[in-house]
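The exercises below ask for geometric descriptions of one model, each followed by a solution that goes step by step. Please work through each task with the structure open before reading on.

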Amino acid sequence: MMPTYYGDIKGTWQLCLLRYLKFLDIRWHVFEDDIESFVHVLGWTVLSCLPSPMDRYERADLVSYLYDHSFRDTTGRERGGRAKEVQFQAGDYPSKYFTLTEPSPILELIRDLASPFRARYEDPPTEAELETFEYIITLVSNGQLREEALYCQTAHRYQLGIRRLSSSEWFLGTIQDALKRPCWPAKDGGGAKLTICTEDTARQGVGTDFLLISASSGPLKRSTTPPPPAPQDKRSRLDDSSEGGVTRE
């Protein structure tokens with residue numbers, strides 16, 4: 001992976017927030033930034049490391065397309081994230097084209113966690129869409145339409161996504177629900193090492209190194225410096241949040 005430095009922001013290109021890669025408003029770090037980073041870490045790890053029946057070169061192209069692509073704008077500044085934006089807006093992150101050798105709820109979990117970010121990176125509903133939504137709400141309230149008629153509305157999806165983006169309970173609950181699902185593989189493992197240098201990463205001077213190994217056998221990101229321990233206060237808050245009931249939409 002390639003470390004990235006721009007302004008006061010430091011990070012790994014493949015795992016950076018879309019709004020950082022596009023140089024949108026990067027002055028503030030908010031809760032949903034942490035969740036988006038987690039989605040990218042989980043997505044990159046699964047697509048890069050778990051066994052898949054996909055052709056190794058198709059798989060490398062898919063991962064490189066989603067996480068490595070970049071370009072320079074007219075000022076010479078490195079930008080990226082277009083593929084992440086397309087997949088978020090299509091509600092297809094990571095792409096359903098990718099499959100695993102052994103069925104696992106992990107892909108469904110990533111897509112569930114990624115789903116609210118469609119609202120973060122798409123345009124808000126128009127006035128006409130909001131008026132249509134309010135009209136359908138009235139029809140549903142009067143019993144003239146079933147509630148399901150609301151779910152396909154752009155305004156409904158957008159408003160639901162925005163609410164979920166600010167709800168730590170929804171994200172924690174989604175993970176807890178996923179862990180209760182059956183069909184988790186009895187043994188998590190990987191296959192052979194795959195190293196492919198793509199056009200984008202070659203231009204950047206680095207290779208896309210997919211380590212198809214078990215996560216328990218070593219860190220995915222190669223480094224001589226061990227990662228810092230997790231702050232105790234964050235762990236405590238997570239534990240406290242998981243003890244109570246979870247109510248979410």
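## Exercise 1: a loop threonine

Threonine 126 has a relative accessible area of 42%, so this residue is partly exposed, where buried stands for under 20% relative accessible area, exposed for over 50% and partly exposed for what lies in between, with a 1.4 Å probe and protein chains only. The model is a predicted one, in which local features need pLDDT of at least 70 and side-chain atom pairs count only at pLDDT 80 or more, whereas totals for chains, interfaces and linings use all residues. Residues are numbered from 1 along each chain as its sequence is written, and side-chain values use heavy atoms, with hydrogens and water left out.

Solution. Begin with the secondary structure, in which helices (H or I, at least four residues) and strands (E, at least two) are DSSP runs numbered from the N terminus.

## Exercise 2: two helix pairs

Task: classify the packing of α7 with α9 and that of α2 with α3, and list the residues that meet in each contact.

Solution. Axes are lines fitted to C-alpha atoms, for helices over the stretch in contact, and angles run from 0 to 180 degrees between N-to-C directions. Angles under 35 degrees count as roughly parallel, over 145 as roughly antiparallel, 65 to 115 as roughly perpendicular and the rest as oblique.

Step one concerns α7 and helix α9 (residues 154-165), whose axes lie 8 Å apart at an angle of about 95°; α7 and α9 are therefore roughly perpendicular to each other. On the α7 side the contact (heavy atoms within 4.5 Å) uses Glu129, Leu130 and Phe133, and on the α9 side Thr154, Ala155, His156 and Gln159. Sorted by class, the contact of α7 with α9 has three nonpolar, three polar and one charged residues, given that Ala, Val, Leu, Ile, Met, Phe, Trp, Tyr, Cys and Pro count as nonpolar, Asp, Glu, Lys and Arg as charged, and the others, Gly among them, as polar.

Step two turns to helix α2 (residues 31-49) and helix α3 (residues 56-67), which pack at about 165° with axes 10 Å apart. The two helices α2 and α3 are therefore roughly antiparallel. From α2, the residues His40, Gly43, Trp44, Val46, Leu47, Ser48 and Cys49 meet Arg59, Leu62, Val63, Leu66 and Tyr67 of α3. By class, the contact of α2 with α3 holds eight nonpolar, three polar and one charged residues.

## Exercise 3: aromatic pairs

Task: state how many aromatic pairs there are, and classify the pair of phenylalanine 31 with phenylalanine 171 and that of phenylalanine 88 with tyrosine 121.

Solution. Rings of Phe, Tyr and Trp (its six-membered ring) pair if their centres lie within 6.5 Å; planes under 30 degrees apart count as stacked, over 60 as edge-to-face and the rest as tilted. By this rule the count is seven aromatic pairs. For phenylalanine 31 and phenylalanine 171, the ring centres are 6.1 Å apart and the planes stand at 65°, so this pair is edge-to-face. The pair links distant parts of the chain, 140 residues apart, with phenylalanine 31 in helix α2 and phenylalanine 171 in helix α10 (residues 168-180). Phenylalanine 31 is partly exposed at a relative accessible area of 31%, whereas phenylalanine 171 is buried at 3%.

For phenylalanine 88 and tyrosine 121, the centres are 5.8 Å apart and the planes at 10°, so the pair is stacked. Phenylalanine 88 sits in helix α4 (residues 82-89) and tyrosine 121 in helix α6 (residues 117-121), so the pair ties together parts 33 residues apart in sequence. Both phenylalanine 88 and tyrosine 121 are buried. One aromatic cluster is formed by Phe31, Tyr67, Phe88, Tyr93, Phe117, Tyr121, Trp170 and Phe171.

## Exercise 4: backbone details

Task: describe the peptide bond from tyrosine 93 to proline 94 and the phi of cysteine 183.

Solution. The bond from tyrosine 93 to proline 94 is cis, with omega near -10°, and proline 94 lies in the loop between α4 and α5. Cysteine 183, a residue other than glycine, has a positive phi near 75°. Cysteine 183 is in the loop between α10 and β5 (194-196), and is exposed with a relative accessible area of 60%.
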